[in-house]
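Biologist: Walk me through this one, please. I want each term set against its definition.

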Amino acid sequence: MGTVGLATLPVLAVRLAQEGFAPALPLLGALAGALAVEALYYRRVTTLRDGSALLTGWLLGLALPAGTSPVWALTAGALALGLGKLPFGGLGRNPFNPAMVGYAAALLLFPLALLDGQTGATPLASLAARSGLTVSEWRATHPGPWGAGSGFALSLASLAGGLWLLYRRRISWHAPLGYGVGLASAALLAYDGGSSQSAGPPLFHLFAGSSLFAAFFIITDPVSGAHTPPGRLAMGLLAGALTLSFRTTGPFPDGVAFAVLLANAAGPAFDALAEARRRQTPRV
Amino acid sequence: MMPCIHCGACVPVCPRGLWPQQLFEALGAGDLPRAQHLGLDACGACRQCQDHCPSGLPLTKRFREGQDALLALTEAEQVKALAQTRFLAREQRRAQAEAEALEAKRQRRAEAKRRAEARQAQTSGAPGRQDAQRAALARALAKAEAEDRLRDATRLRAALTALDEPS
Ligand code: SF4
Ligand code: SF4
């Protein structure tokens, strides 16, 4: 777990560089909420030592917008553990990504606290609300590669951390590849060349919002969702495609959390399929 | 010992290309057929997966126990199969003996019937004898009529009719 935490440091660094110390408050809030609920539930602090609650709070805190009040962040952290992990039997048993459970619950329970917390409109939100501009017209007002703006640097940071995790073999390539391919191909299918109805080009979707963060740090959660290599690939594909559909038709600018949770739900089915399709005896 | 966190560290290290975490889960649930489908037989108990498991799970140990269970099951099945063959063979022998007994009885009956028919045929070889009797009676009747012995003639005639009337 420590390795994964280390790999997210570039993301934290970029956020601090872009937004000052503002993101630190929700991060601390989410951490406190997650750790407190886990410790209170087990009535001892030794279970914190495996670092899983810490990591859940950390990832959730990194995903929260900078202006989220620490109290809401703490609530989200508590919900992540209290809804997403402990009811299922704790470590190793949660079918859904706890950080995303916390994020989705927060988004549904107090959406304004999260959406108002965003410093300025994100590229995804402004693309969704561009009111009739074609993609190239919209691009003219948005700097940065593919219009991803400040998100681009964050995405690069996620990519760096993720590649390092791959190199260290802390994650397998299946889920991130699936996620990238799923998101990019769905975006390609939905992209009509940039009309005013268009959803934005594939590269924009890959580098905007939290796509790459999700691809390397969220969908790769080993416990939730699918466990077999082909199952993880399929789960990634589904999560990527769902992310695009939530972005284009959902009520919120980004939909990574919902996409990941739905793909998690399909994980066991993908595993069962993968096992059933496996040749009787693998290579001997 | 911690639970399996499905980190997948055991998957790429298995030299047999198995999925140790799924295998572990299947055996933990006592699902031998699923474990067999996942290649339990192929596990070489090399301990690679166990050595790479951050949760320190006794993977190889459980796989070996699983293989033992599979072996025991196979043996039990073999014993069962042997008993079944024996039972079937005995049933077959019994059925055959029964059929043979039935056949013999049938033959005995047919033989008896044949003999009875032959005996009857002999008794009804009587036509010859009856004819002779009739001839003798007729001769006696003719003689009695010629000699005008009326009483004898009447008696003989009655005897002749009695002979002709089927009893
Ligand atoms: S002990 Fe069996 S399952 Fe584990 S790595 Fe060796 S062959 Fe694979
Ligand atoms: S290495 Fe251990 S904890 Fe990780 S997936 Fe395999 S059995 Fe589970």
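Modeller: Chain A is assigned domain 1 (23-118) and domain 2 (134-284). Those bounds come from an automatic or database domain assignment. This is a predicted model: local features need pLDDT of at least 70, side-chain atom pairs count only at pLDDT 80 or more, and totals for chains, interfaces and linings use all residues. Residues are numbered from 1 along each chain as its sequence is written, chains are lettered from A and ligands numbered from 1 in the order in which they are written, and side-chain values use heavy atoms, without hydrogens and water.

Biologist: What makes domain 1 of chain A and domain 2 of chain A count as in contact?

Modeller: Contact means heavy atoms within 4.5 Å. By that test, 18 residues of domain 1 of chain A are in contact with 15 residues of domain 2 of chain A.

Biologist: How much area do domain 1 of chain A and domain 2 of chain A bury between them?

Modeller: About 1,300 Å², with 81% of it on carbon and sulfur atoms. Buried area is the accessible area (1.4 Å probe) lost when two parts are put together, summed over both.

Biologist: How many salt bridges join domain 1 of chain A and domain 2 of chain A?

Modeller: The count is zero. A salt bridge needs a side-chain nitrogen of Lys or Arg within 4 Å of a carboxyl oxygen of Asp or Glu.

Biologist: Which residues come nearest to ligand 1?

Modeller: Cys14(B), Cys43(B), Gly44(B), Cys46(B) and Cys49(B), of 14 residues around ligand 1. A residue is near if one of its heavy atoms lies within 4 Å.

Biologist: And which are closest to ligand 2?

Modeller: Cys4(B), Cys7(B), Gly8(B), Cys10(B) and Cys53(B), among 13 that surround ligand 2.
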